[in-house]
Amino acid sequence: MTSGAVEAARNILTRLHEVMASRNHAQAKLNTVVEVIGECLNSEVCSIYLLREGMLELFATRGLAQEAVHVTRMAVGEGLVGMIADRIETLNLAEAAAHPDFSYRPETGEDRFHSFAGVPIVRRERAAGVLCVQHVEPRRYEEVEIEALQTVAMVLSELITNADLVDEVDVHALGAAQTGPEQLRGLTLVKGLASGQAVYHQPRVNIEHVVAEDTEAERQRVIHAFDKMREQIDRMASQAEFGMGGEHDEVLDTYRMFAYDEGWTRRINEAIDSGLTAEAAIERVQQRTRMRMRQIDDPLLADRMHDLEDLANRLLRIVSGQIGTAASLGLRNDAILIARNLGPAELLEYDKRRLKGVILEEGSLTSHVVIVARAMGIPVLGRVRGLRGVVREGDQLLLDADQATATVRPLAGVVEAFEARFAKSRQRQAAYAALREVQPTTRDGTRIQVMINAGLRDDIANLSLTGADGIGLFRTEFQFLVSATLPSRERQTRLYREVMDAAGDKPVKFRTVDIGGDKTLPYLRHDDGEGEENPAMGWRALRVALEREGLLKVQARALLEAAGGRTLHVMFPLVAEPWEFDQAKAVFDKQLAFLRSQRKQLPEAIHYGVMLEVPALAEQLDLLAPKISFLSIGTNDLTQFLFAADRANPKLAERYDWVSPAILRFLRRVIRSLDGHNVEIAVCGEMGGRRLEALALLGLGIRRLSITPASVGPTKDLVSKVDLGEIGAAMEQWLAHPPEDMRAALTAWALERDISVD
Ligand code: PEP
Ligand code: MG
């Protein structure tokens, strides 16, 4: 704000403060407000329109005919006032009548006035009314005056809320009218359909008081909030060893840049000087930035704008004490979660019964939050540009992750069509569920093992629901992710025992903790506390477990004890060299010897395995093979290393294809290198849960898949239609002479045989 604007706003605010504090009736207050503003801005006319029953109604005026009050009404989008409400935009015109949207209302007697300026009165991001001034002489209002008007509009928003001048229903009803339906496009991360209300993971703050009682106190509040916010950001940066990787660093840098930006703090302080509370000042500055940015059409700047929004919201939450995510506030209705990105632990905090879908601005197929959502059966649409600019808290949303779209504020007809699709999709799900008892056997009679991936107690039920052959990957770190502190040995033992009890005769392959990368544990920090450049290739998984031997020791004891009297399957993640397996197994051997010395019940048998996730291991499989019973190919990590493409980086989400000769040839080599060894091979990455990919894997000779529970039905269906001899021969051909588009070739092959692979 310029100093003139500060002065003008302060002047008006001081006077408005008295009006607000008076014990007058709301209507009387509005009548005084228009007088004050008209005088201060030297305008013959000042009018307030408020939204009532879906129409903008003239509630108070100075300068227009008083008979028009509560008589003149216009629809949102009608005339200049309607347009301001519709677009939530400020208008400043020297000659109102020259504007194509001008609509003349004879009852107001406004024909004498030429200049016109109006600002929306915004409440919960929606226009609840319009404040405007008019003048006889044709002149444009100065920026100082417009800024003063905008500040006053914020005060009015508080006044009308407190006085119940517009009601909740109207604001919501207007939501649809204001901007109408919109279609979002993104990348399907987890298929499925869902409908619900938009809920921001980081809720926007409701500003309760706009006019300050004590300016100095407000200034202090902002100083403290800035300190706290900078501290948080510095802390986030120092924990980067478990950061999200990829764009995360970029975002942190931008956050830092804004958090220390003196211009921003100065503008907020100026707004406080003009008489606003800390919250209102932050919002006021943000509104102004938003308005300016709207005029610049640059996607890069728009991204930065989102960063600033994030940060302003963070600052608001600190200053107002309204901390906590939507999960901690609790979901009240069926909800679709809106966020830039999420961590897996953050997602797990939500009430599963209410959380129906997730829409992210970022996200990638194999990031852990997406894996968790997939396991929870929650559709996820990612990579939606400008998401947070279009969707507002409480908007109705139809999420169609199958088609990679979502509709915001849908029209009734669209809702109907969606419901019909939804019902069909449920029918399809039910048909797959009916395959529960079916043993997945190929057309030429080979039984394929179809297992599920799991990690939480709640996932166990999926075993009987899907009729899967076991749990091919139990991600033990999920228990660590959902705990506030390191889970004790007793808690670990209890979980493992429950899982094995529930699985009965079916095998469960427990993977030892795989933390690091995009799975952060706030209570487990790197010793030197420094961030890592590449967390996915850094201190994670078995590397952490071997260095923090205590961690693996406790887990080994828990697993061995839980498996007393039965068969235990253990596998180690991210093994790059055989000695890492040897060391990890030695930890188990030692614990086994200890339990034996204690005369505890030991497992009847222990099968050790490793995950093939690091390409280097493929070159030494012959050395490892005699020591292991099974190998589980983790294609999520494996492909990120093969392609040197961070699995959590949304920019690379669509760049490489699992069905590419590079990956398929690599996997074939791995499978062949274990020929003649007694090692079971399975694929447990997300790749195996997609039908076309699964078809390719069958063609390569894979006979065991461990996949997300929702894919079990579709995979069983696929298996029953495939002739292994045929697909094996086709795959040989393709890999010898790769077609230009492997995916297209495989799809065409499947379609010719009536095998659906979508
Ligand atoms: C993998 O990397 O493919 C895998 C299954 O493990 P995670 O996704 O947990 O890293
Ligand atoms: Mg992995």
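Student: Which residues come nearest to ligand 1?
Tutor: Of the 16 residues around ligand 1, those are Arg475, Arg511, Glu613, Gly634 and Asn636; a residue is near if one of its heavy atoms lies within 4 Å. Keep in mind that this is a predicted model, where local features need pLDDT of at least 70, side-chain atom pairs count only at pLDDT 80 or more, and totals for chains, interfaces and linings use all residues. Residues are numbered from 1 along each chain as its sequence is written, chains are lettered from A and ligands numbered from 1 in the order in which they are written, and side-chain values use heavy atoms, with hydrogens and water left out.

Student: What does Arg475 do there, in terms of distance?
Tutor: An N or O atom in the Arg475 side chain sits 2.8 Å from an oxygen atom of ligand 1. A backbone N or O atom of Asn636 is 2.7 Å from a ligand 1 oxygen, and a polar backbone atom of Gly634 is 3.2 Å from one. The protein covers 100% of the 280 Å² of accessible area that ligand 1 has on its own (Shrake-Rupley method, 1.4 Å probe).

Student: Which element gives the largest share of that shell?
Tutor: That's α24, with three residues. Helix α24 (635–642), α13 (368–376) and strand β16 (471–475) each supply at least two. Helices here are DSSP runs of H or I, at least four residues, and strands are runs of E, at least two, numbered from the N terminus.

Student: Switching topic: is Ala541 buried or exposed?
Tutor: Ala541 counts as buried because its relative accessibility is 0%; buried means under 20% relative accessible area, exposed over 50%, partly exposed in between (1.4 Å probe, protein chains only). Ala541 is found in helix α19 (residues 541–547).

Student: What does Ala541 touch?
Tutor: Leaving out residues up to four places away in sequence, Ala541 touches Val513, Asp514, Ile515, Pro573 and Leu574, where contact means heavy atoms within 4.5 Å.

Student: And α2, which residues are buried there?
Tutor: Ala26, Lys29, Leu30, Val33, Val34, Val36, Ile37 and Gly38. Helix α2 (residues 26–40) has 15 residues and reaches 21 Å from first C-alpha to last, close to the 21 Å expected at 1.5 Å a residue (1.5 Å times one less than the number of residues). Just after α2, Asn42 takes a positive phi of about 50°.

Student: How many helices and strands does the protein chain have?
Tutor: The chain has 29 helices and 22 strands, and 57% of its 758 residues count as buried.

How values were computed:
A polar contact is a pair of N or O atoms within 3.5 Å; within protein, one must be able to donate a hydrogen and the other to accept it, and residues adjacent in sequence count only if both atoms are side-chain atoms.
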